[in-house]
Amino acid sequence: MRDSFVATITDQLDKDEQVLLLTGDLGFGIFNDISDRFPERFINVGVAEQNMIGVGSGLSMMGKAVFCYSIANFVFMRGLEQFRNGAVYHDTNVTLVCSGGGFTYGQLGFTHFAIEDYGIISALGSVDIYHPSTSDQVQRAVEECAKLPGPKYLRLEKKELDFPTLATFGERAGLALHHQGEQYGIIAIGGLLEEAMAAAEQSNADVAVYSLPRHLALGDPEVKTALSRHSKLICIEEHVRPNSVGQKLQSMGFAVDHLAISDTGPSVVGDQAFLRNHYGLTVDGLCASLTQLDL
């Protein structure tokens, strides 16, 4: 997803002189071309994420479309006050670009987990949150973030996924269908779409598979109608349960089997695959849930 972001933000910088990219001392190598081509609109603020968001908020109040890029926990948690009091309060076009959602940087330990991010950000209310699952969804999200007003949060993982979209539902294609089925529905957040698609193929269940590239789509009537045709939903997400997608679906009255992080984060350290397995956020975990639904 990071490669798709770099390609699309480069295109946006080329098309629109109002677009700026700020980074908190990250992106060496991947932003070299951007730095060379757009030196006045690419700013490395250094290891100073709070200042980056403050600078970005000020630039956005001058009519700029600003992307603030850093590792997830640094960009959303360290600079949360600046984001709230700047871009959110003044309703300006600042996009926090989270590189490494969930356990993407799990091998670096708890300090680098981003497992509460969109739950916290969603409490701010007016922020448009994107957690794309495919390369195409990343491209669409970046294009929307550049042109649409208001504060935004873009959650990226590393792996590029390219599952075709069979149908979309809701405003700005907020819910995407990737596998046809009627009885059950799996909603996979971010890169967990890969696990969901594999589970749908391996199981004998009549199951549809969706991604949710835009968080606010949960409130869209068309999305509610699309999900209501299934007798039960399974939501799988690399996020703690409080204020998660699965919890919100349950509060809307859906019957949901929720695969998520059941505590505040493990005391063990490992890569993303290891930590997903630790919580059952896997093909096996989904297949077990589907089997249980059929009992």
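How many salt bridges does the structure hold? The structure holds 13 of them, where a salt bridge is a side-chain nitrogen of Lys or Arg within 4 Å of a carboxyl oxygen of Asp or Glu. Before I go through some of these, a word on the model itself. What we have here is a predicted model, in which local features need pLDDT of at least 70 and side-chain atom pairs count only at pLDDT 80 or more, while totals for chains, interfaces and linings use all residues. Residues are numbered from 1 along each chain as its sequence is written, and side-chain values use heavy atoms, with hydrogens and water left out.

Let me start with the overall division. The protein is split into domain 1, covering 2–156, and domain 2, covering 167–294, and these bounds come from an automatic or database domain assignment. The contact between them, contact meaning heavy atoms within 4.5 Å, takes 31 residues from domain 1 and 33 residues from domain 2. As for the separation, the C-alpha centres of the two domains lie 25 Å apart.

The size of an interface is often given as the accessible area lost when the parts come together. Here the area buried between domain 1 and domain 2 is about 2300 Å², and carbon and sulfur atoms give 57% of that; buried area is the accessible area, with a 1.4 Å probe, that two parts lose on being put together, summed over both. On the side of domain 1, the residues that lose the most area to domain 2 are Phe103, Tyr118 and His131, which together account for 29% of what that side buries.

Turning to the polar side of this interface, the rule finds 19 residue pairs in polar contact across domain 1 and domain 2, both residues being at pLDDT 80 or more. A polar contact is a pair of N or O atoms within 3.5 Å; within protein, one must be able to donate a hydrogen and the other to accept it, and residues adjacent in sequence count only if both atoms are side-chain atoms. In terms of secondary structure, α6 (117–122), β5 (128–130) and α7 (135–147) each supply at least two residues of the side of domain 1 that touches domain 2, and the largest share, four residues, comes from α6. For these labels, helices (H or I, at least four residues) and strands (E, at least two) are DSSP runs, numbered from the N terminus.

Between the two domains, the count of salt bridges is three. Which residues are linked in a network of salt bridges? They are Asp128, Arg140, Glu144, Arg172 and Arg214. On accessibility, buried means under 20% relative accessible area, exposed over 50%, and partly exposed in between, computed with a 1.4 Å probe on protein chains only. By that rule Asp128 is buried at 9% and Glu144 is buried at 6%, whereas Arg172 counts as partly exposed at 22%.

Another salt bridge joins the side chains of Asp14 and Arg37, at 3.3 Å, N to O. Asp14 sits in helix α1 (residues 2–15) and Arg37 in helix α2 (residues 32–37), 23 residues apart. Asp14 is partly exposed at 49%, and Arg37 is partly exposed at 43%.

I would also like to show Glu157, whose place is in the loop between β6 (152–156) and β7 (167–169), and which is buried, with a relative accessible area of 8%. A polar atom of its side chain lies 2.9 Å from the backbone nitrogen of Gly191, and a polar contact of 3.1 Å joins the side chains of Glu157 and Arg276. Leaving out residues up to four places away in sequence, Glu157 touches a set of residues including Met1, Arg2, Gly101 and Gln272.
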